[in-house]
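This report considers one protein model together with its ligands. The sequence and the coordinates are shown first, and the description comes after them.

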Amino acid sequence: MAARRALITGATGQDGAYLAQFLLERGYEVFAGYRRSSGPSTWRLEALGIAQDVRLVPLELLEMTNVLRCLDVVHPDEVYNLAAQSFVGVSFEQPLYTGDVTGMGTLRLLEAVRVLGQGLRFYQASTSEMFGNSRESPQSESTPFAPTSPYAVAKVFAHWSATTYRHAHGVHACCGIAFNHESPLRGMEFVTQKIALGLSRVRSGRQEHLSLGNLDARRDWGFAGEYVVAMWKSLQHPRSDDYVLASGESHSVREFVNLAARCLDWDLEWQGSSDQAVGVDRKSGRVIVKVDPALVRPSDVDHL
Ligand code: NAP
Ligand code: GDD
C-alpha cells in the first residue's frame, strides 16, 4: 500500500519539525513546506535528524499561485496548516502583515483545498489566544472568543474560515485550539526560551540581567512534542470537529522565572511594583531580572 502523504505548512517552525518527525515515524511521506529566506531555515529539521527524510517544497502563504501549485504537485491526503506569523508581540507592530499571513493565508489554502483537494483532511492550528480575556475559566470548545491582539483576531478569522469550509463545502477541516506548548526548539523570542537562554547568559557573564514584560500573566504550558500527536489524533476522527489541546494547569511567568533561576542556584526576591519589578538574588544581592515597560504589550491576555 502506498504511504499516506502529509503536507505541513510551516514545517520549519517548532511544531512543524516535531510533527514531521512523528509522521515519518508513522510511515507517512512528509512534504515540508518552507518559505524562501536569505539563509537556511531548516535548523530544527536538522536538529531532529530528519532534514534528509522529508521532501522540502516551497510554500509561501502570501502567494495564491504558489499555494495552488504546491497542492497540485503534492496531492496530499492530509494538510497540517501550521504556518503563521505566530508571535503575539510583533502582531501589534505588524497587524496587516499578520492578518495577511495568519488570517488570509489560511483562507488561500482552504480555497486551494476546495478547488484541488477532493477528500483530503485539513488541520488548522487554532490557538487559545482566541479566547483572549474571556470571562469563562477554564475555557472549552464552546467558550466564546474574545481576541485581544491582531494575531488573535487573524487566528479567529482563520478558525471561522476553516469551520465555514467544513459546513459550507464539506471540507474535512479540523481545528485544534492549542494552549501554549514549548520545547528546546521554541523560537528565541517566546518567553520560556527567552528566560532559559537569558538567565544562562547572565549566569555565564554574557549578559548583565534579563529584561522581561508582564510577569503576572498566566499560561498553560505543555510540551510541543506531545501536542503534535494530539494534532494527528484530532485529524483521524471520522467526523471533523474542534478540539481544545491543553494540560489543564496554569502558571505565571514569575513562577517560571523563579524556577529557572533556582536551576542556576539563584533564589529570587521580587522588589518594586509589578511594572518596575526587579528580581534580586537573596544570597548575593545581585539584580538578575528587571521589568522593562517597553516589553509590556498594549493589551495582554492575563490568564489562559
Ligand atoms: P513557529 O515556530 O513560529 O513556526 C511558524 C512557521 O510558519 C515557520 O515555519 C515559518 O517559517 C512559517 N511561516 C511564517 N510565515 C509564512 C508564510 N508567509 N508562508 C509560509 N510559511 C510561513 O510557530 P509554532 O510554535 O511552531 O506554531 C505552529 C502553529 O501553531 C502556528 O500557526 C501558531 O500560531 C500555532 N499555535 C502555536 C502555539 C504554541 O504554543 N506554539 C499554540 C497555539 C497555536 P520560517 O521558519 O521561515 O519563519
Ligand atoms: N515573549 C515574551 N517576551 N513574553 C513575555 C515577556 C517577554 O519578554 N515578558 C512577559 N511576557 C509574557 C507575555 O506578555 C505573555 O503574557 C506571556 O509572557 C507568554 O508570551 P509568549 O511566550 O510570547 O507566548 P504567547 O502566550 O503570547 O503566545 C504563544 O502562545 C499562543 C497560545 O496561547 C504563541 O506560541 C502563539 O503563537 C500561540 O497562539
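**Conventions**

The model is predicted: local features need pLDDT of at least 70, side-chain atom pairs count only at pLDDT 80 or more, and totals for chains, interfaces and linings use all residues. Residues are numbered from 1 along each chain as its sequence is written, chains are lettered from A and ligands numbered from 1 in the order in which they are written, and side-chain values use heavy atoms, with hydrogens and water left out.

**Nonpolar cores**

A nonpolar core is here a set of buried Ala, Val, Leu, Ile, Met, Phe, Trp, Tyr and Cys residues joined through side-chain atoms within 4.5 Å. Buried means under 20% relative accessible area, exposed over 50%, and partly exposed in between, with a 1.4 Å probe and protein chains only. In soluble globular proteins, nonpolar side chains tend to be buried together.

The largest nonpolar core has 30 residues, and those with the most contacts inside it are Ile8, Leu23, Tyr80, Leu82 and Tyr123. Two or more residues each are given to this core by strand 1 (5-9), helix 1 (14-25), strand 2 (29-34), strand 5 (121-127), strand 6 (172-178) and helix 8 (224-236). Helices (H or I, at least four residues) and strands (E, at least two) are DSSP runs, numbered from the N terminus. Apart from this core lies another, of 22 residues, among them Leu7, Ala83, Val113 and Ala173.

Contact means heavy atoms within 4.5 Å. Not counting residues up to four places away in sequence, Ile8 touches Gly16, Leu19, Ala20, Leu23, Val30, Phe31, Ala32, Gly33, Tyr80 and Leu82.

**The two ligand sites**

A residue is near a molecule if one of its heavy atoms lies within 4 Å of it. Ligand 1 is surrounded by 24 residues, of which the closest are Thr12, Glu60, Ser86, Tyr151 and Lys155. Helix 1, strand 5 and helix 6 (150-169) each supply at least two residues of this shell, and strand 5 gives the largest share, three residues.

Around ligand 2 there are 23 residues, and Ser86, Thr127, Tyr151, Asn180 and Arg297 come nearest.

The table lists polar contacts of both ligands, a polar contact being a pair of N or O atoms within 3.5 Å; within protein, one must be able to donate a hydrogen and the other to accept it, and residues adjacent in sequence count only if both atoms are side-chain atoms.

| Ligand atom | Protein atom | Distance |
|---|---|---|
| Ligand 1, oxygen | Asp15, backbone N or O | 2.8 Å |
| Ligand 1, oxygen | Leu82, polar backbone atom | 2.9 Å |
| Ligand 1, oxygen | Ala84, polar backbone atom | 3.2 Å |
| Ligand 2, nitrogen | Glu189, polar backbone atom | 2.9 Å |
| Ligand 2, oxygen | Val191, polar backbone atom | 2.8 Å |
| Ligand 2, oxygen | Arg297, side-chain N or O | 2.6 Å |

The protein covers 95% of the 720 Å² of accessible area that ligand 2 has on its own. Ligand 1 taken alone exposes 900 Å², and the protein buries 90% of that. These areas come from the Shrake-Rupley method with a 1.4 Å probe; for residues, only the protein chains shown count as cover.

**Helix 9 and Ser252**

The buried residues of helix 9 (residues 253-263) are Val253, Arg254, Val257, Asn258, Ala260 and Ala261. They pack against helix 7 (191-203), strand 8 (210-212), strand 12 (251-252), strand 13 (268-271) and strand 15 (287-291). Helix 9 is followed by Asp265, whose phi is positive, near 70°.

Ser252 is found in strand 12 and is buried, with a relative accessible area of 8%. A polar atom of the Ser252 side chain lies 3.0 Å from the backbone nitrogen of Glu255. Leaving aside neighbours within four places in sequence, Ser252 is in contact with Leu215, Asp216, Ala217, Arg218 and Trp221.

Gln85 lies in the loop between strand 4 (78-81) and helix 4 (88-91), and counts as buried at 12% relative accessibility. Its side chain is joined to that of Thr98 by a polar contact of 3.1 Å. Beyond four places in sequence, Gln85 touches Val90, Ser91, Tyr97, Thr98, Val101, Thr102 and Tyr151.

Ala294, in the segment after strand 15, is exposed, with a relative accessible area of 65%. The C-alpha atoms of Ala294 and Ser211, 83 residues apart along the chain, are separated by 9.7 Å.

**Cysteines**

A search of the whole structure finds zero disulfides, a disulfide being a pair of cysteine sulfur atoms within 2.5 Å. For Cys175, the closest cysteine sulfur is that of Cys174, at 6.6 Å, too far for a bond. Cys175 is buried, with a relative accessible area of 0%, whereas Cys263 is exposed at 68%.
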